[in-house]
Amino acid sequence: MDTLNSLADGFAIAITWQNIGLALLGCLLGTIMGALPGLGPSNGVAILIPLAFTLGLGATPSLILLTSVYYGAMYGGRISSILLNIPGDEPAMMTCLDGYPMAQKGMAGQALSISGIASFVGSFFATWGLIFLAPQLVKIALLFGPAEYFALFALAFATLGGVSSTNQAKSAFAAALGLGLAMIGVDTQTGVPRFTFGEVHLYDGIDFLVAIVGLFALSEVFIFLEHRHGNADASAKKVVIGRLTPPWSMIKRCTPTMLRTSFLGFLAGVLPGAGASLGSFISYSMEKKLVDKEGTFGTGDPRGVAAPEAGNNAAAGGALVPMLALGVPGSGTTAVLLAVLLSLNITPGPLLFSQNPDVVWGLIAALFIANFMLLALNIPMVGIFTRVLMVPPRILMPVVAMVSFVGIYGISGSTFDLLVMVGFGIGGWVLRKLDVPLVPIILGTLLGNAMESNLRRAITIDNGNWGTLIDSPLAIGLWSIAIIGFILPLIVGKVVKRGMRAGRDTAKDDENSLVD
Amino acid sequence: MTFKATRLSLAAALLGFTALGASAQDFMPEAPECIAPANPGGGWDFTCRQVGKSLQDQGLISKTMQVVNLAGGGGGVAYAEVVNKRDGDEDLIVAASTATATRLAQNAYPGNTMDQVRWLGTVGADYGVIAVDADSDINTLPDLLDMIKNDPTSVSVAGGSAVGGWDHLKVLIAANAYGVEDVRTVKYIAFDGGGEAVTQLLAGSVQAFTGDISEAKGFVDSGDIKVLAVLSPERLEGEFADFPTAKEQGVDAIGANWRGFYAPADISDEAYDGWVAKIAALYASDEWKAIMEANGLAPLDMQGPVFEEFVADSVQQIRDISTEIGIIQ
Amino acid sequence: MSDRIFGAIGVLLAIAFALSALAIQESFLSDAVGPKAFPLIIAAVLAISSAFIALKPDASPKWPSLNRFVEIIAAAVSMILYAELLPVLGFIIATIFGAAYLTWRLGSSALESLIIGVGTSLGIYVIFHLVLGLALARGPLGF
């Protein structure tokens, strides 16, 4: 058992008082940054790089600090999703869909606990996957050429129909809007500016964080303003906290979900260019497809909270596979971690495991330590988190707005970004009034550029032949899942659905949730 | 950007260095900042972080170098920011490379020219490589170029820069030197960085890779890819000595990607000389030599006015090549 | 009715998007697909889905009354002012005003709003600047 010996060595390296202290610090800071809208895992890690250098930390302690921040932020993102309906970072977007309805039903504590457990399960299995499967998994990543990536992204968009809205035209509109927004900026393939109107700030494109914070957080503020004379204040005060720990039966019911989505999220993480957001998205939509027979997803189903959280934390672990084994970052955060490794004179790549075993195994041990620490921190703190709900919205909402502004300004230092964010806030308010789902917009801005680049690469490689998109068994497989699993049922089931929709429309209470 | 010019300017640079006054030695930026005009993980980001860390380790700056990633427009956003908004900021340096010179030469930074900033110095160079998968039937650079010559659609070449960027130009320069008639038919696929391009080479989506030695090094060591040619004037030293140059295979193509820095115009001469002295001192240190070796950077030592002149020459040279090849009119 | 107007705006947006996609200046050296094709596909999806929305509208949402509407516009304007004044006034002062305004408009008394504004501003300053070390806007007074 070579691997286990190496792992034991890793723990020997990682377990010192200094390292445990760093892991604790990283977990705490990471959780805070994950929970604050506008600061996600990648910014969180980037912000703390100078700290690691200032403290004069060596390679392993630096990595322990920064990976604790990374995992902490992945845990923290769910808190504001569940309590405020505002995702703390982009992978936590899907947790809003069932987490916020659960909180409104007085199950905020249980939602936080079950998502904490799901996060732990996802990370735990992903770390074992990283240990035992990294070399084999790299081969999976190598099966994906441009055409396969394009098919994968198309599959992600195909699953949208099942996820977010009863009106498919509005889902499609939102996805197209998001993709269109992603096109703004300098074309990565040929370097020509597109839709920038000569504005140099747009050359870089629109940062999806600006879009998320504007669409979710600021529009929430506008909705409260709109309802001030109504009963927003009063009804929010009535929110019951309820019990904090989930009943055993709930955990049991969520266990198969957590295991399945850990696996799926991990796979999504392993593919460079897919990342944690796609991991949580695919986990949610696949799980809904698989187990949501009664249509309870989106109304506060605990499985709808467990699925994306296990998925995105597993993807976070999976994203370390291509970073360590190929030197290719699979997500924004791993790109930052890669930069850290490089500045510590460690070159990730095929030889990292044999050339720098102390770093790799120390890092893996740190992942385990951070994960257990986060579980130990998060479950007892659920009670404190839920106190947020006791704060009346007239105080909470301005704080949310200001935190959003600071989060964006602190990263980019750009007034222009803030103005764009206000624009997204207004737009988000209008779209929510019109019952247009916001999730597809974010998915579009997140994936748009990668989707287009891979389409163009695939077709250029095959000399302009569009048939290349369905030329490999893997691509055909992905397209088949998309069409047979998701597109056809929409068309076939349309007649049935239309009847249901007519009934639901009249009874719908408007914009209390992202989905109806 | 030939090697001869490098050797000559090395002597000149040393002269320039010793001539710096005492005031330059006293210059100490209050809040040193390095703009990396790309996302974390790329060459510019590496340059900023590595140099920032080394400067601090050696006590050349007193505070941690704040690295700011300002991606977009292949460095154009950062360039415009420095020219328009950060003019006169003495705490700021910006990572640059041959890619910066390429864009300036092709007028890809709208309205900006190279004399709007002050060029500080280099910290090394990365020679270009052309590589194929380890299992490929192609064994020499002429093999590959023959295939391209006979049927340009049969070979896809992947690189980490946009179309018309430096990675693309390198393979075009080689094709041009080999006598491929219309080099624009060479099929180039742009990826987001050299790492992704190599991965797609391993995945079999493309047949060849054009990039820098530092990007390819890890995969050469592991035996995953095979270097057909290094675009250096003579064989490199140390562990790279096994790689044949393009020149010895009869393809007279040289491509060096220097890495260095510029600073805003309108900073005081004291600040300019101070930064130049710091970069020169860094370059001369043994620590930096070790970092260069670990990362496959070849020597290229130019600071101050010599570097300004060198950049001007490179810009002119790339403009000539680009016009000849037909990328710009 | 709302959906019909929304759909019509969506179609116009799609047309505008397609037109500016066609206006993209193509570089002399391009790939096989070029920078225009994908935006045009998106424009088509946008147009078709907008047309669907216009032809098969959902029930209209309940739009706010005029004074509530003005309230929202005023809040948006205050946020724009906040963004513009942030680099001028510095973070703390600008945030006190920004937070106090929103708190006041959400139904707190004037004095209460001011206290909450100061508290929010200082709280964020401590967490983001002093703990996390983010560079916030520095005003004339150095904070």
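Modeller: First, a quick word on "domain": the domain bounds used here come from an automatic or database domain assignment. Also keep in mind that this is a predicted model. With that in hand, chain B splits into domain 1, made of 3–126 + 257–325, and domain 2, which is 127–249. Where the two domains meet, domain 1 of chain B puts in 18 residues and domain 2 of chain B puts in 21. Now stay on the domain 1 side. The elements giving two or more residues there are α5 (98–105), β4 (117–133) and α12 (304–325) of chain B. The top giver on that side is α5(B), with three residues. Sort that side of domain 1 by class and you get seven nonpolar, nine polar and two charged residues.

Chain B also touches chain A. That contact takes 42 residues from chain B and 37 residues from chain A. On the chain B side, the elements that give two or more residues are α3 (43–57), α4 (76–84), β6 (187–190), α8 (194–202), α9 (213–221) and α11 (286–294). By class, this side of chain B has 16 nonpolar, 18 polar and eight charged residues.

While you're looking at the partner chain, find helix α17 (residues 357–386) of chain A. It has 30 residues and reaches 42 Å from first C-alpha to last, close to the expected 44 Å. Follow α17(A) along to A:P380, and you'll see a bend of about 45°.

Key
Residues numbered from 1 in each chain as written. Chains lettered and ligands numbered in written order. Predicted model: local features only at pLDDT ≥ 70, side-chain atom pairs only at ≥ 80, totals over all residues. Contact = placed C-beta atoms within 7 Å. Helix = DSSP H or I, 4+ residues; strand = E, 2+ residues; numbered from the N terminus. Nonpolar A, V, L, I, M, F, W, Y, C, P; charged D, E, K, R; others polar. Expected span 1.5 Å × (residues − 1). Bend = angle between axes of the 7 residues up to and from the residue.
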